[in-house]
Amino acid sequence: MKFNGFHTLGKQKTPWILMGLLLLSIFWTLPGFSQTQNPPQVTQTETPKKKIDYSSLPKNPRKATILSAVLPGAGQVYNGKAWKVPILYAGFMTDIYFIGYNNKRYQTFIDALNAFDEGDNSQFPSLNRDALVRNVDYWRQNRDFTILLLFGIYALNIIDANVDAHLSGFDISDDLALKIEPSLESFSASNNLVGLSLKLQFK
């Protein structure tokens with residue numbers, strides 16, 4: 001009986017299995033299933049970079065930047081701001097002086113430290129080794145900072161020339177006037193607000 005029941009159940013499932021295999025073969029022969037579809041390739045078109053046009057400006061920022069990079073102060077002269085050159089070189093000279101001064105003090109204390117390690121404490125008899133090490137570190141840090149400051153002044157010279165050239169097209173003539181006038185604003189029939197207004201006028 002068990003064998004007959006299993007055999008009967010198998011006969012009942014056989015048509016459905018055959019139907020499933022038939023449907024599977026039909027779907028497999030369809031173009032959408034039989035062929036592997038590659039995803040569409042998106043071609044990225046590179047947008048050409050627009051070249052900045054400085055022809056509308058009285059001064060060329062690129063030229064001013066290059067001049068200041070080659071010779072500090074040359075960009076300021078090109079922009080018509082020659083009065084900045086003495087200030088710029090005063091900053092260079094002051095910083096170079098402090099570089100030399102801090103380096104001299106550093107060399108003095110490093111020599112004293114080396115002499116102390118060899119048993120000679122004649123240069124700074126009131127200082128022990130820890131104090132000499134602190135002085136060596138202090139003057140070395142000061143020297144390194146003034147060297148970085150020198151590069152900062154050089155970079156500031158280039159930035160200043162570039163910004164001045166960009167602002168050369170900004171209208172600051174006498175035809176512009178900025179006036180501050182009192183104003184009375186009405187928000188309703190019974191409420192008035194008194195204040196000040198800024199007016200930019202073109203003469």
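Biologist: In this predicted model, is Tyr-138 buried, partly exposed or exposed?

Modeller: Buried means under 20% relative accessible area and exposed means over 50%, with partly exposed in between. Tyr-138 has 44% relative accessibility, so Tyr-138 counts as partly exposed.

Biologist: Which class does Trp-139 fall into?

Modeller: Trp-139 counts as buried, at 13% relative accessibility.

Biologist: How are the rings of Tyr-138 and Trp-139 arranged?

Modeller: Planes over 60 degrees apart count as edge-to-face. The planes of Tyr-138 and Trp-139 stand at 80°, with the ring centres 5.0 Å apart, so this pair is edge-to-face.

Biologist: How many aromatic pairs does a search of the whole structure find?

Modeller: The search gives 6 aromatic pairs. One of them joins Tyr-101 and Trp-139: the centres are 5.9 Å apart and the planes are at 80°, so that pair is edge-to-face.

Biologist: Which parts does the pair of Tyr-101 and Trp-139 tie together?

Modeller: Tyr-101 belongs to helix H5 (residues 84-117) and Trp-139 to helix H6 (residues 129-166), so the pair links parts 38 residues apart in sequence. Tyr-101 is partly exposed, at a relative accessible area of 37%.

Biologist: Which residues form the aromatic cluster?

Modeller: One cluster is made up of Tyr-97, Phe-98, Tyr-101, Tyr-138 and Trp-139.

Biologist: Where does the charged end of Lys-59 sit?

Modeller: A charge counts as over a ring if NZ of Lys or CZ of Arg is within 6 Å of the ring centre and within 35 degrees of the ring normal. The charged end of Lys-59 is over the ring of Tyr-78, 5.2 Å from its centre. Arg-143 lies over the face of Tyr-106, 4.8 Å from the ring centre.

How values were computed. Residues are numbered from 1 along each chain as its sequence is written. This is a predicted model: local features need pLDDT of at least 70, side-chain atom pairs count only at pLDDT 80 or more; totals for chains, interfaces and linings use all residues. Side-chain values use heavy atoms; hydrogens and water are left out. Rings of Phe, Tyr and Trp (its six-membered ring) pair if their centres lie within 6.5 Å; planes under 30 degrees apart count as stacked, over 60 as edge-to-face and the rest as tilted. Helices (H or I, at least four residues) and strands (E, at least two) are DSSP runs, numbered from the N terminus. Buried means under 20% relative accessible area, exposed over 50%, partly exposed in between (1.4 Å probe, protein chains only).
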